[in-house]
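Work through the exercises below with the sequence and the structure side by side. Try each task before reading its solution.

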Amino acid sequence: MTKDLRVFLLYNGDMNRVKYIVFDLDNTLLDSMKTIPSQSLRYLRELRNNTGIKLGIASGRTLRSYGAKGRKYHLNEIMDFLILNDGCDIYDNDRGSHYEYEFFNYQQAREICLIFNKWEFANVIFIDDGDMYAEKYTEDLKDTMARQGIDHFLNVSEGMIGKIKRCVVVFERSRQEEIRKIRLDNPVYGVRYLFSEGHLLDVLPQGVSKRNALERYLHSNGDDWDSVMFFGDGENDMELIEKSGIGVAMKNAPERVRMIRDHVTEQDCDNEGCVRFLKDREDLWKQWK
């Protein structure tokens, strides 16, 4: 069946409305300045309260990094669940529960460092909810620490295993094609790579992904992908865009992401792309008040 742009979908003769609207955070719900307009927040709160649709975040951010935005914009009063660290962590705010996937072993971490850290334009950084680990100090590391609200870093060591929640290769934006070739030429067993922003390569265990995390959350509620509308902009969002009942790519997403979507927002993240997309179709969900 061709997926049609309706907030309420017809499957097997039964009318089922979308139960979940899920957003990537950076360059999707957040604009390029990492802010959310107050009118967008009001609209999402109204949509949630008037329809019973659950709202969620699926982001590469750590809990610490998300928390700063969450507190500033009172997101936890709007969001029913959070998928963070590219799927490593699932926070169900309704149940007050947290599920955590296992991350790398030390051998894998060392191998990743050996592959990328020999290049002067790249730096491998491991992150948990309170600390950051790296082998070399660069401006990229300094910037990443600032975004995470961390004022120091620790050396890569066996002691970080069991703590780390995310691994990123930070690189010069102009070197993305070189990084793409390096990752293809250097596969690591049990590891996969995804670009999340123009200067970040997420390095993930095979079993960890936003897709797997969202699927686990849906199944815990007795639901499936047909009940999901998802908004995203990066390569690490592509699986969710493809699987969701309604997959929406941001206008500001790279072409390879926009090519696999059901729909593209008419506006980019700097012009309330997600909310305007929903507002343009609000007659469909208002009937369910």
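This is a predicted model: local features need pLDDT of at least 70, side-chain atom pairs count only at pLDDT 80 or more; totals for chains, interfaces and linings use all residues.

**Exercise 1.** Find how much space lies in the largest pocket, and state what lines that pocket.

*Solution.* Step 1: the largest pocket holds about 370 Å³ of space. A pocket is an open set of points, on a 1 Å grid over the protein atoms alone, with protein on both sides within 12 Å along at least five of seven lines; lining residues have an atom within 4 Å of a point. Grid points are joined across faces, edges and corners, and a volume is the space filled by probe spheres set on the points.

Step 1: the lining has 22 residues, and Asp26, Arg147, Arg166, Glu197 and Leu200 are those nearest the centre of the pocket. Two or more lining residues come from each of α1, α5 (139–148), β11 (166–171) and β12 (191–197). Here helices (H or I, at least four residues) and strands (E, at least two) are DSSP runs, numbered from the N terminus. The largest share, three residues, belongs to α5.

Step 2: sorted by class, the lining of the largest pocket has three nonpolar, nine polar and ten charged residues. Ala, Val, Leu, Ile, Met, Phe, Trp, Tyr, Cys and Pro count as nonpolar, Asp, Glu, Lys and Arg as charged, and the others, Gly among them, as polar.

**Exercise 2.** Describe the second largest pocket.

*Solution.* Step 1: its volume is about 200 Å³. Step 2: of the 14 residues in its lining, Ser196, Glu197, Gly198, Asp233 and Pro254 lie nearest the centre. Step 3: α6 (176–185) and β12 are the elements that give two or more residues to this lining, and β12 gives the most, with three.

**Exercise 3.** How many cavities of 30 Å³ or more does the structure hold, and what lines the largest cavity?

*Solution.* Step 1: there are two such cavities; a cavity is a set of points where a 1.4 Å probe fits but cannot get out. Step 2: the largest cavity has a volume of about 70 Å³, and its lining includes Thr28, Asp31, Cys269 and Val275. Step 3: α10 (273–279) and α1 (25–29) each supply at least two residues of this lining. Step 4: the second largest cavity, of about 30 Å³, has two nonpolar, two polar and four charged residues in its lining.

**Exercise 4.** Is serine 65 buried or exposed, and what does it touch?

*Solution.* Step 1: serine 65 sits in helix α3 (residues 63–73). Step 2: serine 65 is buried because its relative accessible area is 5%, and buried means under 20% (1.4 Å probe, protein chains only). Step 3: apart from neighbours within four places in sequence, serine 65 is in contact with Arg147 and Gln148.

Key: Residues are numbered from 1 along each chain as its sequence is written. Side-chain values use heavy atoms; hydrogens and water are left out. Buried means under 20% relative accessible area, exposed over 50%, partly exposed in between (1.4 Å probe, protein chains only). Contact means heavy atoms within 4.5 Å.
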